[in-house]
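Good morning, and thank you for joining. I would ask you to keep the sequence and the model in view while I speak.

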Amino acid sequence: MTREALWQRLSEPCDVLIVGGGITGAGILHEATRRGLRAVLVERGDYASATSSRSSKLVHGGLRYLAEGKIGLTRESVIEREALLQAAPGLVDPMPFLMPHYRGRRPGRMELGFGLALYDLFAGRRTHRYTDATETQQLAPTIASDELTGAHVYIDATTDDARLVLRLIGHACDGGAVALNYIEATSMIRREGKIVGAEITDRDSNRTATITASVVINATGVFASGLRLRPLRGSHVLLPDWRLPLAQAIAIKHPADGRPVFAYPWLGATLVGTTDVDHHDALTMEPHISRAELSYLLAALHAQFPRCDLREADIIATYAGVRPVIDDGQSDPSKAGRDHTVLTEPGMVTITGGKLTTFRPMALAALRAAAPMLAPKTFSLDERPIFTPTSLPESGLSLAVRQRLAGRFGPHAATLLNKARENDMHAIGALPFLWAELRWSAQREHVVHLDDLLLRRTRIGLLARNGGASFLPRIRAICQEELHWDDQRMAREEADYKERIAMRYGLPA
Ligand SMILES: Cc1cc2nc3c(=O)[nH]c(=O)nc-3n(C[C@H](O)[C@H](O)[C@H](O)COP(=O)(O)OP(=O)(O)OC[C@H]3O[C@@H](n4cnc5c(N)ncnc54)[C@H](O)[C@@H]3O)c2cc1C
């Protein structure tokens, strides 16, 4: 459906208006739609353009939270990880983690073994085992070997966070929901003390309209007002996999403060993060890594991979995200709570905090809070599989590529392949994306600006040097054909994109 047609549909009254197109809003849209509610989602930027494309991309229980005694959160997250591994292979995939043990350092073998046993208990399957120093060095030959006594290996999962958001929104729209990006909810409409909808502005064309809804769900993450939020920034760096080749994620105990930092393979690169610092910049500005955070991550890499001699010049890209954490008065940012919070007022539910991994229980919590406001309409809140797993029949493509396409595009993967042009059926450079995917996204995935296509529909902007500038000539041809951008528009999009990559995804000044 065109943007214009979707804009027209926004004026139809709905049951639920969701403000915010990150993972929280996308999860609610998906769950509301399949429960028979007429749901609409508006996102003032691109889908997932805020925190939900800037996470560590882990679908995990969080061993750190277990160590802090947050057993409920860890259990819920492990259960969700298992559900997502089942539902979306190719989008959420298992990732082995290796936690090395060094003489005299905590956690020791017994302590970690106990935590991992509990972790496995929540999952209902055993994934962890202990490896001695020799096997550990075979598994991870580049790690520091002085005083190495062994390691624990266990399984968690990784995802492409932005694509997970897009997949949820796509499913909901296939089921009848309406979602539109670059639409800002500028104010709430109140009648007799109750919120009954929102005024909206199309940031692409500046036109305005009104949406009437039985309930508004505020899923604006760190932008949610009326709550005591403590914005915490986490930054990451990406390295070429040949500079730090890893067969699994390695947990690094940071030499300065003992915090865990992880290095792991992600979409053909090595991702390293995260930091955890108070974010004092204006939330309206796109966050970026600071020099201190960069030095912190490099220090972790030097300590754990001393022979690799990793330097700033090796870094392909950086990114930073801001976490919506409820301020619980903790002085240490890493100890501040990761649970979600739900707040209600007449006609509105606000939900924020939580994790990417737990989007489904968060969505159900928001709908539970909204249910009395939707009466007499009733709906069930039973847990359902997140997606029906899709697979593609055998073809000239490898199993890994077919699984990746099925995971990212779900039921549309087969059509994508059927409609693909022959000369689009090869990878974009050495990246794990086909030109056919990029064209499909340009045609059908609500791309409004070039960064939507290169930073979130595909992750070229994170995985190729200079944001993939060398691919721009062919990308230009595709955008002009599929998005009908004239030369002037294309030049403006490219200039904006290059500036964003340099200022927000590069090395700090
Ligand atoms: C560095 C970092 C690493 C993380 N790593 C992990 C991890 O590995 N695993 C994990 O499970 N979790 C992780 N998290 C947590 C997870 O990423 C967040 O909890 C989650 O992405 C928050 O999603 P959200 O939808 O609530 O917020 P957001 O993604 O920020 O979405 C809110 C959206 O609301 C929109 N919006 C705001 N105001 C308006 C308005 N007026 N009108 C319309 N739209 C509006 C914004 O543009 C934004 O897109 C991490 C977080 C950070 C910061």
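I shall begin with the overall fold, then turn to one helix pair, selected residues and the backbone.

This is a predicted model, in which local features need pLDDT of at least 70 and side-chain atom pairs count only at pLDDT 80 or more, while totals for chains, interfaces and linings use all residues. Residues are numbered from 1 along each chain as its sequence is written, and side-chain values use heavy atoms, with hydrogens and water left out.

Let me start with the overall fold. The protein has 16 helices and 18 strands; these are DSSP runs numbered from the N terminus, with helices being H or I of at least four residues and strands E of at least two. The radius of gyration is 23 Å, close to the 23 Å from the globule rule for 509 residues, so the protein is as compact as a globular protein of that length. That radius is taken over C-alpha atoms, and the rule is 2.2 Å times the number of residues to the power 0.38. Along the principal axes, the C-alpha atoms fill a box of roughly 65 × 50 × 50 Å.

How much of the protein is buried? Of the 509 residues, 57% count as buried, a term that stands for under 20% relative accessible area, with exposed meaning over 50% and partly exposed in between (1.4 Å probe, protein chains only). The accessible surface comes to about 20700 Å², and 53% of that surface belongs to carbon and sulfur atoms. Such areas come from the Shrake-Rupley method with a 1.4 Å probe, and for residues only the protein chains shown count as cover. Among contacts between residues at least 6 apart in sequence, 73% join residues at least 24 apart, where contact means heavy atoms within 4.5 Å.

Helix α2 deserves a separate remark. This helix, residues 23–33, is mostly covered, with eleven of its eleven residues buried.

I turn now to the helix pair. Two packed helices are described by the angle between their axes and the distance between the axes. Helix α12, residues 435–444, packs against helix α15, residues 472–482, at an angle of about 35°, and their axes are 9 Å apart. The axes are lines fitted to C-alpha atoms, for helices over the stretch in contact, and the angles run from 0 to 180 degrees between N-to-C directions. The crossing of α12 past α15 is right-handed, that is, the near helix is turned clockwise from the far one by less than a right angle.

Which residues meet in this pair? From α12 come Trp 435, Leu 438, Arg 439, Ala 442 and Gln 443, and they meet Arg 474, Ile 475, Ile 478, Glu 481 and Glu 482 of α15. By class, this contact has five nonpolar, one polar and four charged residues. Here Ala, Val, Leu, Ile, Met, Phe, Trp, Tyr, Cys and Pro count as nonpolar, Asp, Glu, Lys and Arg as charged, and the others, Gly among them, as polar.

Two further residues belong to this region of the sequence. His 426 lies in the loop between α11 (413–419) and α12 and is partly exposed at 37% relative accessibility. Leaving aside residues up to four places away in sequence, His 426 touches Phe 433, Leu 434, Trp 435 and Arg 474. Arg 476 lies in α15 and is partly exposed, at 32%. With the same exclusion of residues up to four places away, Arg 476 touches Met 490 and Glu 494.

Elsewhere, is Arg 243 buried or exposed? Arg 243 is buried, with a relative accessible area of 17%, although it lies in the loop between β11 (229–240) and β12 (249–253). Beyond residues up to four places away, Arg 243 touches Cys 308, Asp 309, Leu 310 and Asp 314.

Finally, the backbone. The peptide bond from Gly 273 to Thr 274 is cis, with omega near 5°; Thr 274 sits in the loop between β14 (269–273) and β15 (277–278). Another cis peptide bond joins Ala 375 and Pro 376, with omega about 5°.

Phi of Asn 206 is near 70°, and Asn 206 counts as exposed at 61% relative accessibility.
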